[in-house]
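Subject: A structure for you to look at

Hi there,

Here is the structure I promised to pass on to you. Have a look at it first, and then read my notes below.

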Amino acid sequence: MALVTGANQGIGKEIAKKLSEKGIKVIGTSTTINGVKIINQYLKKNGFGFVLNLKDTDSILEKMKEIYKKNYSIDILINNAGIKSDNLLVYMNSREWENVIKINLTSIFYMSKSVIRSMIKNKYGRIITIGSVIGSIGNRGQVNYSASKSGLIGFHKSLALEVASKGITVNIVAPGLIDTQLTKKLNILQYKKHLSNIPMQRLGTTKEIADAVMFLSSEKASYITGQTLHINGGMYMP
Ligand SMILES: NC(=O)c1ccc[n+]([C@@H]2O[C@H](COP(=O)([O-])OP(=O)(O)OC[C@H]3O[C@@H](n4cnc5c(N)ncnc54)[C@H](OP(=O)(O)O)[C@@H]3O)[C@@H](O)[C@H]2O)c1
């Protein structure tokens with residue numbers, strides 16, 4: 001069974017749909033009842049949605065325990081949910097910093113912790129987290145977002161080392177600029193500036209990200225771990 005956070009829209013929805021089309025049962029999360037309804041609608045009988053707010057770190061372990069109590073076992077964890085809250089450092093307040101770090105980075109600790117024991121027991125697992133090109137190149141106005149996304153890189157490398165011998169792979173997919181609600185928030189100047197940095201001269205699609213996640217979650221990627229796969233139309237080449 002797979003669990004995808006933030007599965008009601010954008011990249012997470014595309015990933016959850018693709019997993020479900022492959023016949024994999026999916027639990028999709030949203031912060032709202034309405035989001036859960038959307039997830040239940042497209043998953044039909046092949047899984048279900050449930051409310052999870054990653055900002056509330058205490059509730060993550062509790063909610064995940066509930067899932068295991070119902071005898072569901074997660075062997076594919078997709079940490080997709082993420083937010084941005086942009087501001088120049090001089091204007092950024094501690095709430096803007098803490099929310100982004102909590103949701104984009106700290107929650108990954110709790111989510112991974114709650115699935116790892118059962119993955120070790122089953123000698124199989126896939127953990128894939130959606131990072132960002134900004135974690136590697138930085139961006140003005142995004143000290144919080146880029147810190148959260150580069151923090152993921154160290155986390156995933158370390159966890160990959162800890163569980164490599166247990167049949168568990170741990171990787172990051174790092175998108176460039178993808179056409180979702182997140183990028184719709186960009187103003188026209190920001191949008192044009194970003195586009196001028198993309199050699200392919202277009203935004204990526206949610207499908208292009210979901211395809212890479214499908215590959216990493218499959219048997220075909222069994223020898224790939226601790227990696228960050230960049231998908232950005234040539235915007236950044238490590
Ligand atoms: N779009 C891009 O260009 C781009 C580029 C690089 C990286 N990324 C990364 O890709 C991931 C998905 O982004 P997207 O573009 O698909 O964004 P999106 O359309 O804005 O969707 C964000 C998702 O995250 C969930 N979420 C937000 N706050 C949450 C919280 N407190 N607890 C749990 N879930 C929460 C939302 O659920 P609700 O709607 O239910 O609140 C929603 O499903 C993020 O990690 C983002 O950083 C995106």
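How do helix 1 and helix 2 run relative to each other: roughly parallel or roughly antiparallel? They are roughly parallel, a label used for angles under 35 degrees, while over 145 counts as roughly antiparallel, 65 to 115 as roughly perpendicular and the rest as oblique.

Before the details, please note that this is a predicted model, in which local features need pLDDT of at least 70 and side-chain atom pairs count only at pLDDT 80 or more, whereas totals for chains, interfaces and linings use all residues. Residues are numbered from 1 along each chain as its sequence is written, and side-chain values use heavy atoms, with hydrogens and water left out. Helices (H or I, at least four residues) and strands (E, at least two) are DSSP runs, numbered from the N terminus.

**Helices side by side**

The axes of helix 1 and helix 2 (residues 33-43) come within 10 Å and cross at roughly 30°. Axes here are lines fitted to C-alpha atoms, for helices over the stretch in contact, and angles run from 0 to 180 degrees between N-to-C directions. Lys13, Ala16, Lys17 and Ser20 of helix 1 make the contact with Ile38, Tyr42 and Leu43 of helix 2; contact means heavy atoms within 4.5 Å. These residues divide into 4 nonpolar, 1 polar and 2 charged. In this count Ala, Val, Leu, Ile, Met, Phe, Trp, Tyr, Cys and Pro are nonpolar, Asp, Glu, Lys and Arg are charged, and the others, Gly among them, are polar.

Next, helix 3 (residues 57-69) and helix 4 have axes that come within 9 Å and cross at roughly 25°. That makes helix 3 roughly parallel to helix 4, and their crossing is right-handed. Residues of helix 3 that take part include Ile60 and Met64, and among those of helix 4 are Tyr110 and Val115. This contact has 7 nonpolar, 5 polar and no charged residues.

Helix 4 (residues 94-122) also packs with helix 6 (residues 143-163), at an angle of about 15° and with the axes 8 Å apart. Helix 4 is therefore roughly parallel to helix 6, and this crossing is right-handed. Trp97 and Phe109 are among the residues of helix 4 that meet helix 6, where Leu152 and Phe155 are among the partners. The contact of helix 4 with helix 6 divides into 15 nonpolar, 6 polar and 2 charged residues.

**The sheet**

What is the order of the strands in the open sheet? The 7 strands follow 3-2-1-4-5-6-7, with parallel pairing; two strands pair if DSSP finds at least two bridges between them. Strand 3 (47-51) and strand 7 (228-231) are at the edges with a single partner strand each, so one side of each has no neighbour in the sheet. From one strand to the next, the twist averages 15°. Strand 5 (residues 125-130) and strand 6 (residues 168-175) pair over 6 bridges, and Arg126 stands opposite Thr169 in strand 6.

Two helices lie across these strands. Helix 9 (residues 206-217) lies across strand 4 (76-79), strand 5, strand 6 and strand 7, at about 155° to strand 5.

**Salt bridges**

The whole structure has 5 salt bridges, each a side-chain nitrogen of Lys or Arg within 4 Å of a carboxyl oxygen of Asp or Glu. One of them joins Asp211 and Lys18 (3.3 Å, N to O). Asp211 is in helix 9 and Lys18 in helix 1 (residues 10-21), so to find this pair, look 193 residues apart in the chain.

Best wishes

Methods: A crossing is left-handed if the near helix is turned anticlockwise from the far one by less than a right angle, and right-handed if clockwise.
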